[in-house]
Amino acid sequence: MSEIIKVGMADLNVCVAPNGITTLGLGSCVGIALRDPVTKIGGLAHIMLPDSTSIRNNTNIPKFADTGIEELVKQVVAKGASRARLVAKIAGGAQMFAFQTKSDMVRIGERNVEASKKKLRELKIPILAEDTGKNYGRTVIFYPETGDFIIRAVGKAESVI
């Protein structure tokens, strides 16, 4: 019997097939799913902010794209995944406010997506698929066994990337 592991906001976790992993309420936050397609080991991070360097005395590693993705890589590799085979899928990063502005404070979703892609590029982890941006929140479920990243949003058809 498989289990669905929950990941909270500013949190991360790893799982092994046939288990899945989920996080709720990705608004401007980004969910980053990593997977080793051979060992079927994967993980999911729910990041809230793009960059840890602007926060002093930060102890919440998964909260930020730069530190959270590195920690997720470390944990899936410790579980038995091959660093060289890791692939990623990302979702979230919505613009949750109706008004348009150039202010970085309001563009947090877009900045989270940019920071996540930048960190994955630095780590040479290819992004196979994404469902990012727009103006609605998402709940995601990731299955490392198949690589299916299920996206659910209120008023939208469920999609699999």
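User: Is Asn19 buried or exposed?
Analyst: This is a predicted model, where local features need pLDDT of at least 70, side-chain atom pairs count only at pLDDT 80 or more, and totals for chains, interfaces and linings use all residues. Residues are numbered from 1 along each chain as its sequence is written, and side-chain values use heavy atoms, with hydrogens and water left out. Buried means under 20% relative accessible area, exposed over 50% and partly exposed in between, with a 1.4 Å probe and protein chains only. Asn19 has a relative accessible area of 19%, so the word for Asn19 is buried.

User: Which residue has its backbone oxygen 3.0 Å from a polar atom of the Arg35 side chain?
Analyst: Start with Arg35 itself, which is in strand β4 (residues 30-36) and counts as buried at 12% relative accessibility. With contact meaning heavy atoms within 4.5 Å, and not counting residues up to four places away in sequence, Arg35 touches several residues, including Arg85, Phe142 and Thr146. The backbone oxygen lying 3.0 Å from the Arg35 side chain belongs to Glu145.

User: Which strands stand at the edges of the open sheet of five strands?
Analyst: Two strands pair if DSSP finds at least two bridges between them. The order here is β1-β3-β8-β9-β10, with mixed pairing. Each edge strand has a single partner, so one side of each is left without a neighbour in the sheet; these are β1 (4-7) and β10 (159-160).

User: Why is the pair of Phe142 and Phe149 called edge-to-face?
Analyst: Rings of Phe, Tyr and Trp (its six-membered ring) pair if their centres lie within 6.5 Å; planes under 30 degrees apart count as stacked, over 60 as edge-to-face and the rest as tilted. That rule gives one aromatic pair. The centres of the Phe142 and Phe149 rings are 5.6 Å apart, and the pair is edge-to-face because their planes are at 90°.

Notes
Helix = DSSP H or I, 4+ residues; strand = E, 2+ residues; numbered from the N terminus. Polar contact = N/O pair within 3.5 Å; in protein donor to acceptor, adjacent residues only side chain to side chain.
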